[in-house]
Structures are given as C-alpha cells and as structure tokens.
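Dear colleague,

Here is the structure I said I would pass on, with its sequence alongside. My notes on what turned up in it follow below.

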Amino acid sequence: LTATLEGVIAQRLVRRVCTGCREQYQPTEEELMELNLTPEQVRGKRFSRGKGCDRCNGSGYKGRTALYEIMTMDDEMRELVMKQASTSVLRDHAKKRGMRTLRESGLLAIYEGLTTIDEVLGEHDVTRELGGVTQAIPSGRGDVRVHSGADAERLLWMIVPMPLVDT
C-alpha cells in the first residue's frame, strides 16, 4: 500500500453564508473559546453571518463549500506508515511539511466570510434548520444546537492510489 499511496484527503462540507444578507459581526468570547481562540488571536479578522432573506429562505445560508485536509506521501511518511507510527506522529510529520488541517481550513473559510463558526464546529441553530435534524443537543449557551447530516457528509476520507501503469 505504501508504494502506491499518493495521499489522503479529508473533506467536510459546510454551508455558505448567503451573499444576499451577509453581515459582519464580532464573535463573543464564548464563540472564540469553542474555537480555542482568544480575542487577541483574532484581532483584525472578519467574521460573517447571514441575517436571513428571501434569497436564502431566511436561513442565512445559500449553498455549500468544502473544507479540505490533504496529506501527501513522501519517502519519510512511507517509512512512518511501514513502521506503524501512530496517527499523531503521521499528522505531526504532515503538518511540518505544510499540510493544512481541517481546522485551519475552517478558520480560513470563517475569516474569508464563506461560512460561520457554527458550521465549522458542525452545529446548526435549531431555529434556522429547515429539515433533516438528526439530534438536538443543548449547547450550554442557553439555546439548542443540532448536529445534522450523516457522518459521511461531515468527514470523508479517500485514499488516492497512484496508477500502476501509465495510461
């Protein structure tokens, strides 16, 4: 497997903030804590959310975008795999080589105004959810959050093999 494996891709779909009703806001300290960030770390960063409009049926979201984590293989990574290194060792090696994690991709999407903190955290506000709710959970903020969609939508791992024969 290590001889043919070119990389591993993690993908997670998140809803896009509606461009018709997008507004910038300053997140609360609680929201930042959920991302393990401090106000100092996000100084100068922009955060967006949708107010809800006719274009997005009042949800504040229109469409989806993907967050990616792409781990490419090199000789050192192949050695680690053959030695059955732990997941954390493999992840650390990939990050040293420049891999952007799903969390980092999510933060970039938040800062670019593409999605919201709740989307990156995998939570949806019940009052805005239009259907497909699978589990409602108190969020600790006085409201209720739902985790929606199948696990396959939240995180999909794909193995990308290298062709064995030139075509």
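This is a predicted model: local features need pLDDT of at least 70, side-chain atom pairs count only at pLDDT 80 or more; totals for chains, interfaces and linings use all residues.

Residues are numbered from 1 along each chain as its sequence is written, and side-chain values use heavy atoms, with hydrogens and water left out.

Salt bridges

The whole structure holds 5 salt bridges, a salt bridge being a side-chain nitrogen of Lys or Arg within 4 Å of a carboxyl oxygen of Asp or Glu. One of them joins Arg97 to Asp74, with the closest N and O atoms 2.9 Å apart. This pair links distant parts of the chain, since Asp74 sits in the loop between β4 and α2 and Arg97 in the loop between α3 and α4, 23 residues apart; helices (H or I, at least four residues) and strands (E, at least two) are DSSP runs numbered from the N terminus. Asp74 is itself partly exposed, at 22% relative accessible area, and it also caps the N-terminal end of α2, where one of its side-chain oxygens lies 3.3 Å from the backbone nitrogen of Glu76.

A second salt bridge pairs Arg91 with Glu69, at 3.4 Å between the closest N and O atoms. Because Arg91 lies in helix α3 and Glu69 in strand β4, the pair ties together parts that are 22 residues apart in sequence.

Nonpolar cores

The largest nonpolar core has 16 residues, of which Leu37, Phe47, Ile110 and Tyr111 touch the most other members; such a core is a set of buried Ala, Val, Leu, Ile, Met, Phe, Trp, Tyr and Cys residues joined through side-chain atoms within 4.5 Å. The elements giving two or more residues to this core are β1 (5–17), α4 (102–111) and α5 (117–121), and α4 supplies the largest share, 5 residues. Apart from this core lies another, of 8 residues, including Leu5, Met71, Leu90 and Met99. As for Leu37, once its neighbours within four places in sequence are set aside, its contacts (heavy atoms within 4.5 Å) are with Leu32, Val42, Arg103, Leu107 and Tyr111.

Helix α3

Leu90, His93 and Ala94 are buried in α3. They lie on the same side of α3 because they cover an arc of only 100° around the axis, the arc being that of the directions from the helix axis to the C-beta atoms. The elements that cover the buried residues of α3 include β4 and α2. Just after α3, Gly98 takes a positive phi of about 105°.

Backbone and cysteines

Two residues other than glycine also have positive phi. Asn57, in the loop between β3 (47–50) and β4 (61–72), has phi near 60° and is exposed at 61% relative accessible area. Gln84, in the loop between α2 (75–82) and α3 (87–96), has phi of about 55° and is likewise exposed, at 71%.

How many disulfides are there? The count is 0, a disulfide being a pair of cysteine sulfur atoms within 2.5 Å. The sulfur of Cys53 is 3.7 Å from the closest cysteine sulfur, that of Cys18, and so too far for a bond; for Cys56 the closest cysteine sulfur is that of Cys53, at 3.8 Å, again too far. Cys53 is partly exposed at 21% relative accessible area, while Cys56 is buried at 4%.

Best regards

Technical notes: Buried means under 20% relative accessible area, exposed over 50%, partly exposed in between (1.4 Å probe, protein chains only). A polar contact is a pair of N or O atoms within 3.5 Å; within protein, one must be able to donate a hydrogen and the other to accept it, and residues adjacent in sequence count only if both atoms are side-chain atoms.
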